Amino acid sequence: MPAWNAAETIDEAIASVLGQSVADWELIVIDDGSADRTAEIAGDVSDPRVSVLSQPNAGLCRTRNRGRLECRADRVMFLDSDDRLRPTALARLGEALDSNPGAVLAYGEYVSMDDRGRLVNVKGQPIFSRRPSGQVLERLLQANFFMSGAALIRRQALVEAGDFDIGLRSAEDWEMWCRLALLGEFVYLGGEPVLEYRQTAVSLSNPADLEAGYRQRLDCVAAVFGNPRIRECFSARQLTRFQRHRLAGVSSFIGTKYLRRGDWQPARRHFWNAVRRRPASPREWILLGAALTRWLPYFMYRRLK
């Protein structure tokens, strides 16, 4: 659990691990140079399965890399310090890996909550999406379809894949999932969500941060599609199509952030870019229409991710 200035939420995140239906786990909280009471709150937990490490601020990728090196388990999850696991998450994900020995990663569904911890997507299934199992690299190159805290990963696969890329500032988890997908199958649980993901005011960001995030995600796309091992798996024509779809997804993601803020003009710009790159997708056309009309139905607003 990487944690930076997470004093307002880390107690909930840790409590969600303590409340798991299985008891055989360890939680390593790494305080990444917080200026608040994050380390103190985490350190107050008396359970011997929870350990707290502190370091000068090093960033998310370096912190996750250290966590992987420090853990002793043969399966690893990266849980953010503002999210919550459902009580049966570890049990269900572990059973999925037990039942699929060739799989390197098992993942489940997630629901969103607001910055006060209230669920805003209670059905657990986002609109416009389907989740794959098996060899997922082709699908993954075109879209990131799960959250890091909703996945359980074989430690050996992480060792083979290598560290999170410290040169990436955004979507670094997707870049890692693509490298893991080169190594074996993914298993999708289906059914009830395993994770409650917090959408905070920070995650919605201001326009300057959103545009910076857009450029950072483009850097990540370039890193993934420049990976020689990935380039060996597909033809140049396929890679061009996959990259176009992924770039559409990046534009759509940023457009959705603007749409949730009610910033209609930049939302239209990003959704138009998405439509140009992926004209057959109804999602972008619908959301472009919402941006053009300046009206987003409430049920869609609640379920957008």
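1. Where is the place of A171? A171 sits in the loop between α6 (155-161) and α7 (172-181); helices (H or I, at least four residues) and strands (E, at least two) are DSSP runs, numbered from the N terminus. The phi of A171 is near 60°, a positive value in a residue other than glycine. A171 is buried, with a relative accessible area of 9%; buried means under 20% relative accessible area, exposed over 50%, and partly exposed in between, with a 1.4 Å probe and protein chains only.

2. A word on the basis of this note. The model is predicted, so local features need pLDDT of at least 70 and side-chain atom pairs count only at pLDDT 80 or more, while totals for chains, interfaces and linings use all residues. Residues are numbered from 1 along each chain as its sequence is written, and side-chain values use heavy atoms, with hydrogens and water left out.

3. N5 also has a positive phi in a residue other than glycine, near 50°. N5 lies in the loop between β1 (2-3) and α1 (10-18). With 33% relative accessibility, N5 counts as partly exposed.

4. Strands β5, β10 and β7 form an open sheet in the order β5-β10-β7, and the pairing is mixed. Its edge strands, each pairing on one side only, are β5 (84-85) and β7 (110-113). Two strands pair if DSSP finds at least two bridges between them. Strand β10 (residues 195-198) pairs with β5 in the antiparallel sense over two bridges, and L85 stands opposite L195 in β10.

5. Strand β2 pairs with β3 (residues 50-55) in the parallel sense over six bridges. Here L27 stands opposite V50 in β3. Together with helix α2 (residues 38-43), β2 and β3 make a right-handed β-α-β unit; a crossover is right-handed if, with the strands pointing away from the viewer, the path from the first strand over the helix to the second runs clockwise.

6. Which residues lie nearest the centre of the second largest pocket? They are W25, E26, A73, R75 and L152, out of 29 residues in the lining. The elements that give two or more residues to this lining are β2 (27-32), α3 (60-70), β4 (75-76) and α4 (89-99). Helix α4 gives the most, with five residues. The lining of the second largest pocket divides into 18 nonpolar, three polar and eight charged residues.

7. Aromatic rings come next. Rings of Phe, Tyr and Trp (its six-membered ring) pair if their centres lie within 6.5 Å; planes under 30 degrees apart count as stacked, over 60 as edge-to-face and the rest as tilted. The count by this rule is ten aromatic pairs. One of them is the tilted pair of Y107 and F145, at 5.6 Å centre to centre and 45° between the planes. Y107 lies in strand β6 (residues 103-107) and F145 in the loop between α5 (137-142) and β8 (151-154), so the pair ties together parts that are 38 residues apart in sequence. Y107 and F145 are both buried.

8. F146 and F186 form an edge-to-face pair, 6.1 Å centre to centre with 75° between the planes. Because F146 lies in the loop between α5 and β8 and F186 in strand β9 (residues 185-188), this pair ties together parts that are 40 residues apart in sequence. F146 counts as buried at 2% relative accessibility, and F186 counts as buried at 1%. One aromatic cluster is formed by F78, Y107, F145, F146, F164, W177, F186 and Y188.

Key. On a 1 Å grid over the protein atoms alone, a cavity is a set of points where a 1.4 Å probe fits but cannot get out, and a pocket is an open set with protein on both sides within 12 Å along at least five of seven lines; lining residues have an atom within 4 Å of a point. Ala, Val, Leu, Ile, Met, Phe, Trp, Tyr, Cys and Pro count as nonpolar, Asp, Glu, Lys and Arg as charged, and the others, Gly among them, as polar.
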